[in-house]
Amino acid sequence: MPDLLIELFSEEIPARMQTRAAADLKKRVTDGLVEAGLTYAGAVAHATPRRLTLAISGLTDESPTTTEERRGPRVDAPEKALAGFLRATGLTKDQLEVRDDKKGQVYLASITRPGRPAAQIVAEVLEATIRDFPWPKSMRWGAGSLRWVRPLRRILCILTREDGAEIVPLDIDGIPSGDVTEGHRFMAPTPFSVTSFEDYEAKLKRAFVVLNAEERADHIWQDATNQAFAAGLEVVEDRGLLAEVAGLVEWPVVLMGEIGADFLDLPPEVLQTSMKEHQKFFSVRDKTGRITRFITVANRETADNGATILDGNARVLSARLADAKFFWENDLRSVKTVGLEGMAKPLANVTFHNKLGSQADRIARIEALAREIAPFVGAKPDLAAEAARICKADLASEMVYEFPELQGIMGRYYAQAAGHNDGVPEACEEHYAPLGPSDDVPSAPVSVAVALADKLDTLIGFWAIDEKPTGSKDPYALRRAALGVIRCLLQHRSFGRLRDHIDFALLTFVTQRAKSAKASRVARHPEDPQQAVLISFGADEVDGYDGDNAVRASLSDGTLCLIPANSPDSAAFYDGKITEMAKGTTLVASLLSFLHDRLKVHLRDEGIRHDVIDACLTGERTDDLTDLVARARALNAFLGTDDGENLIQGYKRAKNILDQAQEKDGVEYSYGADAKLAETGEEQALFAALDAARPAIDGALKAEDYAAAMSALAALRAPIDAFFEAVQVNSEHQVTRRNRLNLLSEIVRICEGIADLSRVGA
């Protein structure tokens with residue numbers, strides 16, 4: 001069984017495309033070979049800046065001969081039907097067989113496809129792969145029609161057997177296949193031939209090419225950390241940059257250089273970002289955390305051990321850092337002159353979204369919401385509002401304009417320079433967090449208040465204009481914002497009902513939009529002061545609902561409705577589209593449902609069963625996410641015990657009997673059972689167990705001690721089991737029957753105090 005070696009040699013492939021390209025080459029070739037009838041033992045793909053390589057071991061020599069029987073038309077069918085069948089099979093009438101069928105005699109064709117040699121199949125599959133390769137971007141060159149990420153120079157394709165290597169014949173747009181490749185562009189440019197993958201890999205290494213990307217990355221990291229350690233320093237770890245740099249070189253040579261003294265006072269994040277983004281340098285810091293040197297990776301060895309390369313890189317880096325220093329100093333002067341609120345003034349002219357106003361509008365909403373949230377997370381409202389007013393100011397800075405990834409980080413530095421303290425500078429940085437599922441969640445109270453306000457305003461705003469995520473599309477990262485809200489809330493059990501904060505955010509949003517439409521008065525509706533707002537367009541006072549000159553926006557169910565006013569200003573209110581913001585109960589309910597969906601994903605990743613989550617997503621407190629999660633965790637742990645699983649079965653049995661009886665009798669059995677009417681010892685024992693468990697469970701639920709509630713619930717398992725073993729609920733005596741059904745309703749009520757257990761196991 002031969003081994004197959006393929007190398008597609010080209011000009012430099014962008015580093016970001018190499019890993020995916022190697023995987024695509026492997027999948028497309030192996031899938032094509034298998035579909036053609038060949039099998040193989042193993043396959044491995046590699047990528048360097050100038051080559052994609054695929055090595056397949058244990059390939060079969062040829063595809064098997066196959067025979068297929070194909071049923072044709074009936075013998076008495078029209079001649080046209082028979083002619084079409086013959087064309088499809090490539091046979092003549094004499095080669096057909098006549099066979100009896102349920103509906104008479106039919107023609108049957110036996111089509112034999114002889115096996116083909118591996119070389120022929122490989123050539124077809126490889127040509128199809130090259131011509132239809134899924135590069136994100138590709139190009140044509142010269143006069144040919146072939147497209148590749150960069151000009152393709154060579155195609156190496158050989159089958160290796162014990163008796164030697166065979167070139168698979170192939171020619172694509174004048175590029176013939178062969179057994180020849182090249183080494184390093186500068187250090188070993190002479191072409192050479194190979195006979196197998198082992199020979200290929202060894203000769204490449206002698207020609208200064210490390211084929212394996214992981215080996216290149218390991219060498220870079222090992223050499224970089226050794227050089228830094230020898231100087232008493234430490235390389236700042238950056239796995240993404242390491243993978244990218246490993247894709248830029250075929251023969252990595254690690255060099256360490258010094259950063260000019262003029263730039264050492266720049267914030268370390270500025271140095272690191274500038275070096276990474278512009279030069280692909282690693283940062284090297286001392287024991288105090290100050291970045292003093294850089295690591296660059298050259299693609300060749302030199303006679304002067306890289307001195308010339310380091311000198312050139314240092315010159316370019318100095319120019320880049322001079323720009324960063326200029327931005328930093330200009331921004332600091334601005335902060336000290338006008339403060340961060342002054343720096344943020346240009347944001348009034350920066351559109352956040354054409355339907356959601358400017359960045360300044362958004363900052364005002366975040367400030368109001370952060371002030372309202374602050375007491376629930378242990379922050380001072382004034383500090384939360386102060387942090388909210390300046391948290392986006394660095395978006396107007398020159399540094400963040402140049403390096404957008406530094407937003408928040410620079411906000412912290414500028415807030416410190418402006419004299420802010422008490423957690424406000426930290427909130428400027430941390431309010432963006434968490435950006436991903438593994439990021440840290442802010443814990444400082446001011447940071448949490450602003451982070452929640454920022455994310456809730458984003459969700460409310462885009463829900464209000466009906467820009468929700470659809471399928472895999474989420475252009476405004478609303479799923480990330482929802483997960484951020486959830487993770488922040490789970491750290492603060494005192495946050496309270498999420499619906500209240502959503503209502504406040506929506507009220508703030510509508511109020512702001514009304515003011516921008518020149519409304520003369522904004523006040524809460526007298527009939528529903530907590531959940532409604534009246535926006536007057538002409539009246540001096542609003543004493544009640546006035547259909548001629550007011551807009552009523554009800555927040556209790558998410559409804560927003562526009563009543564046309566006599567004033568022309570009313571037509572400008574929300575561009576006449578306020579009814580599109582939400583209809584019926586869609587806005588608040590839809591947003592809560594979205595948050596619940598993200599919470600399900602979060603809890604499933606934690607190992608909590610999906611049916612447990614569904615069981616807890618019932619009742620009146622589903623917008624108290626910390627309470628909901630506490631119940632789900634306690635119930636999930638309880639169901640992992642024998643008592644839990646057996647109690648669920650007892651509960652379901654009780655509920656089924658009760659539901660059937662209520663449907664049959666047309667009455668509800670929920671008026672309380674009387675222990676005096678108990679006739680058996682098991683019945684009396686269950687009454688006693690319920691009387692003992694009820695206050696313990698109710699007390700634990702009130703204290704939100706769900707583990708204790710589950711422990712008290714577990715005590716019911718044995719008496720419930722004994723009751724169903726010994727007692728017939730549907731007794732012929734109607735008084736006894738009613739009493740026992742009422743007893744079942746008590747079991748169901750107690751069990752459902754923590755969750756809708758009927759959903760467990762569904």
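Biologist: Which residues in α10 meet I363, I366, E367, A370 and R371 in α9?

Modeller: This is a predicted model, in which local features need pLDDT of at least 70, side-chain atom pairs count only at pLDDT 80 or more, and totals for chains, interfaces and linings use all residues. Residues are numbered from 1 along each chain as its sequence is written, and side-chain values use heavy atoms, leaving out hydrogens and water. With contact taken as heavy atoms within 4.5 Å, and helices as DSSP runs (H or I, at least four residues) numbered from the N terminus, the partners in α10 are P381, D382, A384, A385, A388 and R389.

Biologist: How many residues of this contact are nonpolar, polar and charged?

Modeller: Ala, Val, Leu, Ile, Met, Phe, Trp, Tyr, Cys and Pro count as nonpolar, Asp, Glu, Lys and Arg as charged, and the others, Gly among them, as polar. The contact of α9 with α10 therefore divides into seven nonpolar, no polar and four charged.

Biologist: At what angle do the axes of α9 and α10 cross?

Modeller: Axes are lines fitted to C-alpha atoms over the stretch in contact, and angles run from 0 to 180 degrees between N-to-C directions. The axes of α9 (residues 359-373) and α10 (residues 381-390) come within 8 Å and cross at roughly 160°.

Biologist: Is α9 roughly parallel or roughly antiparallel to α10?

Modeller: Angles under 35 degrees count as roughly parallel, over 145 as roughly antiparallel, 65 to 115 as roughly perpendicular and the rest as oblique. The crossing angle of roughly 160° therefore makes α9, relative to α10, roughly antiparallel.

Notes: Helix = DSSP H or I, 4+ residues; strand = E, 2+ residues; numbered from the N terminus.
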